[in-house]
Amino acid sequence: MSEAPVDWDSLTFSMTETDFMYIAKTAIDAPWAPGEILPYGNISISPAAGVINYGQGLFEGMKAYRTNAGRVVLFRPEENARRMQRGADRLKMPPVPESIFIDAVEQCVQQNARWIPPMGKGALYVRPLLNGSGPILGVAPAPEYTFMIYVTPVGPYFKGGMSCINLLISDHHHRAAPGGSGGVKAIGNYAPGMMPSKNAKAAGYAEVIYLDAEEHKYVEEVGAANFFCLKDGVLYTPELTGTILPGITRDSIIQLARHMGYEVVEEKVEAGFAMSAEEAFCCGTAAVISPIGSITLGDKTVTYSDGATPGELTLKLYNALTNIQNEVDEDTFGWVHPVPGLE
Ligand SMILES: *Cc1c(COP(=O)(O)O)cnc(C)c1O
């Protein structure tokens, strides 16, 4: 296999086309059968497809890493499979069986192995999609579904050390409402965040913090990442009420912090409480952990520490998590999933 035409040192979080993709299709009432690996390329779709008319679609995001043990691993891929199943239930799509999901992810990583960055240079980002691809005119579940995966090499989120981000609490927009689809990775949840996010960036912030839609009081998420803060030695994160996406990084951090002996509290986190904390960070697959330097609400800005130095626990958790992912530390939680054939 020839070497991938990539400058590993200048990778960012952006799209590079790779060699192969995976596609499986099923009719609405038929069981899923394993799909096939095809050369990466454009797909053709009906103009009346459920996904492009009514947003009947989900995505997932995960990473494959080359590790210290000289092999390629995924991180808790079963959790991505299960989350996509819960999303499929919510959007009335046939859930992809976990075994087909995992097998598809493994095949995609194996077939695109030359695109996996060397250890420390980044990861192969894996993007599974499930959508209603069949034509439907009225608002109803599509007659046919497509489960698809593509992959792309991405760089480490932080080059030359972690940098703190400055965030703006959104005062006019909400991400998700009770009873809606905020708790699943429904594609329709993301476009409405683009305008607030762009506006915040134009004003010099890295991202917006969304408050809850009912009382406009409690922190929900940071763009598409989960929120944590440390106050008086206790780690707080907003509880999963159905409007917050249950991040796999979030769950891993809760377990790691408890394992380290910290008390972790999942409850409603008031904006004012978050702004009085000693440390704050957000987390997700893409950034892993991003330390927060400051939060602005209206005309008030609070800075954590000097606004530029990540908190002590933030760094500790970042190191603990990435050392498991890179197989530098022992995987006592059973989180890493070696990719067969790349061991
Ligand atoms: C994907 C996502 C996250 C992070 O989830 P991970 O499983 O940790 O990658 C957090 N919030 C939103 C809204 C997301 O879409």
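The points below go from the overall fold to one helix pair and then to one residue.

1. This is a predicted model, and its chain contains 7 helices and 17 strands. Taken along the principal axes, the C-alpha atoms fill a box of roughly 50 × 50 × 35 Å.

2. The radius of gyration of the chain is 20 Å, which agrees with the value near 20 Å that a compact globule of 343 residues would have. Buried residues account for 52% of the 343 residues, and, of the contacts with a separation of 6 or more, 72% are between residues 24 or more positions apart.

3. Helix H5 (residues 248-259) packs against helix H7 (residues 312-325) at an angle of about 110°, the two axes lying 10 Å apart. Because angles of 65 to 115 degrees count as roughly perpendicular, H5 and H7 are placed in that class. The crossing in which H5 passes H7 is right-handed.

4. On the H5 side this contact is made by Thr249, Ser252, Ile253, Leu256 and Ala257, and on the H7 side by Leu317, Ala320, Leu321 and Ile324.

5. Leaving aside residues up to four places away in sequence, Ala4 touches Arg114 and Trp115. The C-alpha atom of Ala4 is separated by 36 Å from that of Thr309, which is 305 residues apart from Ala4 along the chain.

Note on methods: Residues are numbered from 1 along each chain as its sequence is written. This is a predicted model: local features need pLDDT of at least 70, side-chain atom pairs count only at pLDDT 80 or more; totals for chains, interfaces and linings use all residues. Side-chain values use heavy atoms; hydrogens and water are left out. Axes are lines fitted to C-alpha atoms, for helices over the stretch in contact, and angles run from 0 to 180 degrees between N-to-C directions. Helices (H or I, at least four residues) and strands (E, at least two) are DSSP runs, numbered from the N terminus. Angles under 35 degrees count as roughly parallel, over 145 as roughly antiparallel, 65 to 115 as roughly perpendicular and the rest as oblique. A crossing is left-handed if the near helix is turned anticlockwise from the far one by less than a right angle, and right-handed if clockwise. Contact means heavy atoms within 4.5 Å. The radius of gyration is taken over C-alpha atoms; the globule rule is 2.2 Å times the number of residues to the power 0.38. Buried means under 20% relative accessible area, exposed over 50%, partly exposed in between (1.4 Å probe, protein chains only).
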